[in-house]
Amino acid sequence: MPLNIKTTCIDCGYESVFKMQETRCPKCGSQWREASYDYKSIGKNLVNELSHRPHSLWRYHELLPVEAAIPDVSLGEGVTPIYRAVNLGMMLGCPNIYIKDERQGPTNSFKDRQAVVTVAALKEAGIKELVLASTGNVAIAYSAYAARAGIKLWAFLTSRVPAEKMREVALYGTQVIKVTGTYDLTKKVAADFAEQRNIFHDLGAKCIPCIEAMKTIAFEISEQLTNRLGPPDDALWRTPDWYFQSVSGGMGPLGVIKGFQELADMGLASSTLPKLGVIQSAGCAPMVHAWKKNAQEAEPVTNPRTLIETLATGTPGRTYTRIREKMLAASGGVFESVTDEETFRTMHLLAKMEGISVEPAAAVTVAGLIKLVRQGIIKSDETIVINCTGHTMPIEPVILGDSWGSSVDLSDEGEDKEEGLLAAISEITAERYPCVAIIDDNADARRLLRRILQSQGDYTLFEAGNGKEALELITKEMPDLILLDLMMPEMDGFDVMEALQKDEQTAEIPIIVVTAQELTQAQRNRLNGHIQLLLQKGDFLSDDLENEVRSLLK
Ligand SMILES: [Zn+2]
């Protein structure tokens, strides 16, 4: 089916039919153009069609600048799963946090979307060579699809890209050019090279298929939330209140917000677009600086200071201005930054508490969310979707340090392997671990506390769901520490505390109260002097509790 996509120049308004070979506005030469489609007619059929379409981003093919319904370069990208982050939500007091798991793309990042759509469009246009600059993930994604499409790829990478990522790019047969210098300099070298040799150059936010590909994140989020939660009162499809993503160049959010706008234009979703949470690394946060000064243009950061190389674009250029315009025209949003330290702490937290090991760039997003919840910018009843991407190497050594596991050495056991194995296992399990009792009537809350402690691996845990059971358990097991909820039916936490105090044997056991209740002064007085610490549910992170527990058990 020949494409019928209109491109409109953002600078002079000139309209033309989309052609992949045409990288500038034919009238004024601007590279900033936007694609549009016949939304009314596509919207009419799309919903009915979807039930028999493949589970890949090609299920929305009429909204992509590729002729084939499913191009043969496809590796099944898109339609990544979405899950509720239950433990994180409980810790933050925001139960409706969802993770869009972009790690599950063919090369483990959301850049697969951009790569497959752009490479498919290049192949259809007969273009056989491509130049790009990358901080890692883009080069890996394009390398995979370029291999399938028979396109020669030149990838310009900064020398700060981890060697593992560089080798992965080379493995696909891509020509890797390592540039010693910043990412902005690397982009310039790539652009000059492409111009000299007259090779097609992928310009990210200025490349129509790239932006168009990112829209599919919005389409999927909306379709998936609707399947999970049902449609809202005022539309067929549900959209979240917030979409969160960390940015380097900023193309992702620009494409995603266009996707939500198109859902509204097709009459599928509400015209109230989600707010954007755009997060940068504090060592390279030109967009955040500009946003906080209410400036339309971002000033470049010439010397990025972050370990997170994938986010080290110092010159966002016009992408910032365009995201800001779209944000202000829609429902708003915010740019925020987080330090590397906050990021690594969050990366560990996400792995321990949600079972999701992301790359640092994605941990930046979650760290930004935590910060904005703490600032009261995110409301507890809002629905938030976070883009999580990437493999974790190579930052684990920084996070975990040296003592992250136990080892069993069986190399010298000779004949009696069986006996050696048993001895080795009993060595690991011989220690007596501190014993902690978790008392809470809410099973989810017990699971959260259990998970926080068991992720450290060295506690014996007991649990009780009501006050009476708790007293029996504590008298029997004599724990070293008690985590106590206050609001429980029949016998509440106050009564448990007072009963323990009356018994000589249990009177000295330290107690941490973990409660969702806003306490009155009288209630505070009742606790005063009888407990070691008061924690408010939804207002502490796993590390905070871990540290308190450890210091009380010393
Ligand atoms: Zn123009």
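Visitor: Which residue follows α11, and near what value is its phi?
Guide: Helices (H or I, at least four residues) and strands (E, at least two) are DSSP runs, numbered from the N terminus. This is a predicted model, in which local features need pLDDT of at least 70, side-chain atom pairs count only at pLDDT 80 or more, and totals for chains, interfaces and linings use all residues. Residues are numbered from 1 along each chain as its sequence is written, and side-chain values use heavy atoms, with hydrogens and water left out. After α11 comes G355, and its phi is positive, near 70 degrees.

Visitor: What distance does α11 reach from its first C-alpha to its last?
Guide: Helix α11 covers residues 340-354, 15 residues in number. The expected span of a helix is 1.5 Å times one less than its number of residues. For α11 the expectation is 21 Å, and the helix comes close to it, at 20 Å.

Visitor: Is T346 buried or exposed, and with what relative accessible area?
Guide: Buried means under 20% relative accessible area, exposed over 50%, and partly exposed in between (1.4 Å probe, protein chains only). T346 lies in helix α11, where the buried residues include F344, M347 and L350. T346 is itself buried, with a relative accessible area of 6%.

Visitor: Which residue has its backbone oxygen 2.7 Å from a polar atom of the T346 side chain?
Guide: Contact means heavy atoms within 4.5 Å, and, leaving aside neighbours within four places in sequence, T346 is in contact with A363, V366, A367 and I370. A polar contact is a pair of N or O atoms within 3.5 Å; within protein, one must be able to donate a hydrogen and the other to accept it, and residues adjacent in sequence count only if both atoms are side-chain atoms. The backbone oxygen at 2.7 Å from the T346 side chain belongs to E342.

Visitor: Why do the buried residues of α17 line one face of the helix, and within what arc do they fall?
Guide: In helix α17 (residues 493-502), the buried residues are G493, F494, V496, M497 and L500. The arc is that of the directions from the helix axis to the C-beta atoms. Seen down the axis of α17, the buried residues line one face because they fall within an arc of 165 degrees.

Visitor: Which residue caps the N-terminal end of α17?
Guide: The cover over the buried residues of α17 includes α16 (467-477), β16 (481-484), β17 (511-515) and α18 (521-527). At the N-terminal end, a side-chain oxygen lies 3.1 Å from the backbone nitrogen of F494, and the capping residue is D492.

Visitor: How many residues of β5 are buried?
Guide: Strand β5 (residues 97-101) is joined antiparallel to β4 (residues 82-84) by 3 bridges, and parallel to β13 (residues 384-388) by 5 bridges. Both of its faces are covered, with I97, I99 and D101 on one side and Y98 and K100 on the other. The number buried in β5 is 5 of its 5 residues.

Visitor: What relative accessibility has M478?
Guide: Most residues other than glycine have a negative phi. M478, in the loop between α16 and β16, has a positive phi, near 45 degrees. M478 counts as partly exposed, at a relative accessibility of 29%.

Notes: Pairing = 2+ DSSP bridges.
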